[in-house]
Amino acid sequence: MIQLVSLSSALAGDTAMAKKRKSAKERLMGARFRMLNEELYRSSSEDNQTLFEKDPEAFAAYHQGFRAQVQRWDQHPAMMMVSKLKDICKMKIHRDKPEPLTVVDLGCGEALIAKEIYRDSPANQDQGDSLDVRQKQFKGKGKKKTQPKKPIVIRSFDLVADNEYAEVGNIAALNLESNSQDVAIFSLSLMGNDHPLFIQEAARILKKDTGIMLVSEVGSRITSQKMFVKMVEGYGFKLDTTPRDMNYFVFFEFKRTDAEDTVPDEQTIAAGRLGICEYKPR
Ligand SMILES: C[S@@+](CC[C@H](N)C(=O)[O-])C[C@H]1O[C@@H](n2cnc3c(N)ncnc32)[C@H](O)[C@@H]1O
């Protein structure tokens, strides 16, 4: 009997120790995520590129922390982008054109948008397994209500290519033709102290007059929605719908105007630029 009691208390001690170790590990991971997060917001895109080149594990560490953070939100902004893309496919201007909708996911992270769009796509099977997934087109058969009939080609860029859907590219300067894309997406990815350059780059690659830019950003980063919109419009965009406040993040939809490539003045950039997003320890 005495032996049984001591065995069970030893087991309880082991479990308590394992719990302590787990929570210490989680605290360390959380601290690393917050440190990387702050660095990514405070540095230039070039410095951020160097950071990941020198420490390739930092990307995985960052995204592990980011995933834990997003789990606390009601909705993942990337999933909101997916449903928006499906709506765009149904717009008359795109629906009736035979060519695929060209989409760029800028600062794609784990490329959740491409994964979700290509998931279960019949075209993936039709086009054979030997084809590089990045060249595949999403082509729903339109049987399910959620599947658009319109083919979509998504290219997903980040400083590190985390999986087969992603490509390495600094979104401040991409190797893409001007005036070539239908939709540009920034899902919480206007990071870096030079993030206005990302908007300028999106304006360059989007098709003039019809291009659409979708932006979601953490609400606490936006000092003034009005000034942020004014800055973005200064790059050749027009706010298309009223920004949607989704609790933790705000969702914006802009249309590329037919204006030639242009930049707002320094004052407008200074007033519109986003602040730093700091996540609190749990
Ligand atoms: C907060 S995460 C969001 C990831 C993804 N868009 C999502 O919603 O799950 C921001 C991402 O932007 C990327 N990023 C930041 N600056 C970048 C740059 N200059 N070029 C490419 N990607 C960048 C980061 O590496 C990170 O993966």
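1. A word on terms before the details: a residue counts as buried if 20 or more other C-beta atoms lie within 10 Å of its own, and as exposed if 12 or fewer do. Please also keep in mind that this is a predicted model.

2. Let me begin with helix H4, which covers residues 77-90. Its buried residues are Pro-77, Ala-78, Met-81, Leu-85, Ile-88 and Cys-89. Viewed down the axis of H4, these buried residues fall within an arc of 130°, so they line one face of the helix. On the face turned away from that buried side you will find the exposed residues Ser-83, Asp-87 and Lys-90.

3. The geometry of H4 is also worth a look. With 14 residues, the helix reaches 21 Å from its first C-alpha to its last, close to the 20 Å expected at 1.5 Å a residue.

4. Now for the wider picture. The protein has 10 helices and eight strands, and 33% of its 282 residues count as buried. Among contacts with a separation of 6 or more, 73% are between residues 24 or more positions apart.

5. Which strands does E8 pair with? Strand E8 (residues 249-256) runs antiparallel to strand E5 (residues 212-218), and seven bridges join the two. Strand E6 (residues 237-239) is also antiparallel to E8, with three bridges between them. Strand E7 (residues 244-245) pairs with E8 in the antiparallel sense over two bridges.

6. Ile-212 has Lys-255 as its bridge partner in E8, while Phe-237 has Arg-256. Asp-245 stands opposite Val-250 in E8.

7. The hairpin of E7 and E8 has three residues between the strands, and Asn-247 takes a positive phi near 85° there.

8. Finally, the ligand. Which residues come nearest to the ligand? Of the 20 residues around the ligand, they are Ser-45, Gly-107, Gly-109, Ser-187 and Ser-189. Helix H2 (45-54), H4 and strand E2 (152-158) are the elements that give two or more residues to this shell.

Definitions and conventions: Residues numbered from 1 in each chain as written. Predicted model: local features only at pLDDT ≥ 70, side-chain atom pairs only at ≥ 80, totals over all residues. Helix = DSSP H or I, 4+ residues; strand = E, 2+ residues; numbered from the N terminus. Contact = placed C-beta atoms within 7 Å. Expected span 1.5 Å × (residues − 1). Arc of directions from axis to C-beta. Pairing = 2+ DSSP bridges. Near = placed C-beta within 6 Å.
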